[in-house]
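Dear colleague,

Please find below the sequence and the structure for your records. My notes on the findings follow directly after them.

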Amino acid sequence: MPKIHHFELLPSTNTKAWQLLESGENPPFVVTARQQSAGRGQWGREWISETGGLYLSLALNLDLEVDKSAHLVLATVWGIAHHLNCQEIPVKIKWPNDLVLLGRKLGGINLETRIQGQNIPQAVIGVGINWANPVPPTGINLQALAGNKITSIAQLTDVTSDAILYGYEYYCNHGIKALLASYLGLFANFGQKIAFEGYQGIITGVSDRGELKVKLTSDNASSEIYIPAGRVSLGYN
C-alpha cells in the first residue's frame, strides 16, 4: 500500500502531488483531501469537490512512450472499475474515463504527465468518486448502494489506490491487447447512437490508442471512424 498524505482542504490533490514530487517524495504515494477548492477534471474542466467525496491523486514513476499515454488512461479506469466490481459494485466504463453505476456518473479520472523527450517518466493520476457528497441528477453516490462491500471512505481510498497500481501492472505484464479486451468487457457505450460533425453513427468499441470507434450510418459516409478523446462528449441522459 503506498503512503497516504491526507489533508482537510486543498486547492487540488493533483497540484499537491506534483509539489511533493518536486520536493523529493518518492512515488508511488497518494494524496487525498476531504475537500478541494479548485479541483480539475479532464480537458481543464472544473471538478466540484464538496465534502463527502473521495478526492485522490496517486503519483507514479513510469517507463512509457509519449504516444502510449492513452494506455495509462485505459489501465487506470479499468483497474478501478475492475476492483469495484470485485466489491460487488457493478461499475461500467463510459468512454473515455468515467465510472458509471446504474447509468449515472460515479466518478472520473484526470491524468497529468511530465514529458522528457519521447518518454513519460512520471504521472499524477487524479480520481474523484462520489461517496456521500451532493451529486446532480445524473450522478450517484456509492455509500447509498445496497449490498456493496465498501463501508467507509477510508476503505474506498485503499481499494482505489490498489486499483490504479493493479491496472498499470496488468498493462505492463500483459500488454495493450489484453488490457483493451478487459476494458471493453466493462464498456458501457456499445451500440450507443452518436452524432459527430454532421454524421450519424453507432459506437462499436475503442481502439488501442483510446479512440472511440464509430460505425457511420449516414448516407455517403465511410464505414468507420475513430474519434480521439476530447473531440466529442457522450453525455448522460
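Does Glu88 count as buried, partly exposed or exposed? At 48% relative accessibility, Glu88 counts as partly exposed; buried means under 20% relative accessible area, exposed over 50%, and partly exposed in between, with a 1.4 Å probe and protein chains only.

Two remarks on the source are in order. This is a predicted model, in which local features need pLDDT of at least 70 and side-chain atom pairs count only at pLDDT 80 or more, while totals for chains, interfaces and linings use all residues. Residues are numbered from 1 along each chain as its sequence is written, and side-chain values use heavy atoms, with hydrogens and water left out.

Backbone features

Glu88 lies in the loop between α2 (69-86) and β4; helices (H or I, at least four residues) and strands (E, at least two) are DSSP runs, numbered from the N terminus. The phi of Glu88 is near 65°, a positive value in a residue other than glycine. Glu197 also has a positive phi, near 50°. Glu197 is found in the loop between β8 (193-196) and β9 (199-206), and it counts as exposed because its relative accessibility is 58%.

Two cis peptide bonds may also be noted. One runs from Pro27 to Pro28, with omega near 5°, and another from Trp95 to Pro96, with omega near 0°. Most residues other than glycine have a negative phi, and most peptide bonds are trans. Pro96 is placed in the loop between β4 (91-94) and β5 (98-101), whereas Pro28 is in the loop between α1 (13-22) and β2 (29-36).

Pro28 is partly exposed, at 37% relative accessibility. Leaving aside neighbours within four places in sequence, Pro28 is in contact with Pro2, Lys3, Leu58, Ala59, Leu60 and Leu165, where contact means heavy atoms within 4.5 Å. Pro28 and Ile203 are 175 residues apart in sequence, and their C-alpha atoms are 36 Å apart in space.

Domains and cores

The domain assignment gives domain 1 (1-183) and domain 2 (190-225); such bounds come from an automatic or database domain assignment. The C-alpha centres of the two domains lie 28 Å apart. Their contact takes 7 residues from domain 1 and 7 residues from domain 2. The area buried between domain 1 and domain 2 is about 550 Å², with carbon and sulfur atoms giving 72% of it; buried area is the accessible area (1.4 Å probe) that two parts lose on being put together, summed over both.

Which residues of the largest nonpolar core touch the most other members? Of its 59 residues, they are Ile80, Leu84, Leu106, Tyr183 and Leu212. A nonpolar core is a set of buried Ala, Val, Leu, Ile, Met, Phe, Trp, Tyr and Cys residues joined through side-chain atoms within 4.5 Å. Helix α3 (residues 153-184) gives the most to this core, with 11 residues. Both domain 1 and domain 2 give residues to this core, so it lies between them. Apart from it lies another core, of 10 residues, among them Leu20, Val31, Ala33 and Ala59. In soluble globular proteins, nonpolar side chains tend to be buried together.

Leu106, not counting residues up to four places away in sequence, touches several residues, including Leu84, Val91, Ile129 and Leu142.

Individual residues

Thr76 lies in helix α2 and is buried, with a relative accessible area of 1%. Beyond its neighbours within four places in sequence, Thr76 is in contact with Ile109, Ile125 and Ile164.

Asn119 is in strand β7 (residues 119-129) and counts as partly exposed, at 37% relative accessibility. Not counting residues up to four places away in sequence, Asn119 touches Leu64, Glu65, Val66 and Arg114. The C-alpha atoms of Asn119 and Asn133 are separated by 37 Å, with the two residues 14 places apart along the chain.

Arg114 also lies over the face of Trp18, at 3.9 Å from the ring centre. A charge sits over a ring if NZ of Lys or CZ of Arg is within 6 Å of the ring centre and within 35 degrees of the ring normal. The charged end of Arg209 sits over the ring of Tyr226, 6.0 Å from its centre.

A search of the whole structure finds 6 aromatic pairs. Rings of Phe, Tyr and Trp (its six-membered ring) pair if their centres lie within 6.5 Å; planes under 30 degrees apart count as stacked, over 60 as edge-to-face and the rest as tilted. Ring pairs link Trp78, Tyr166 and Tyr170 into a cluster.

Yours sincerely
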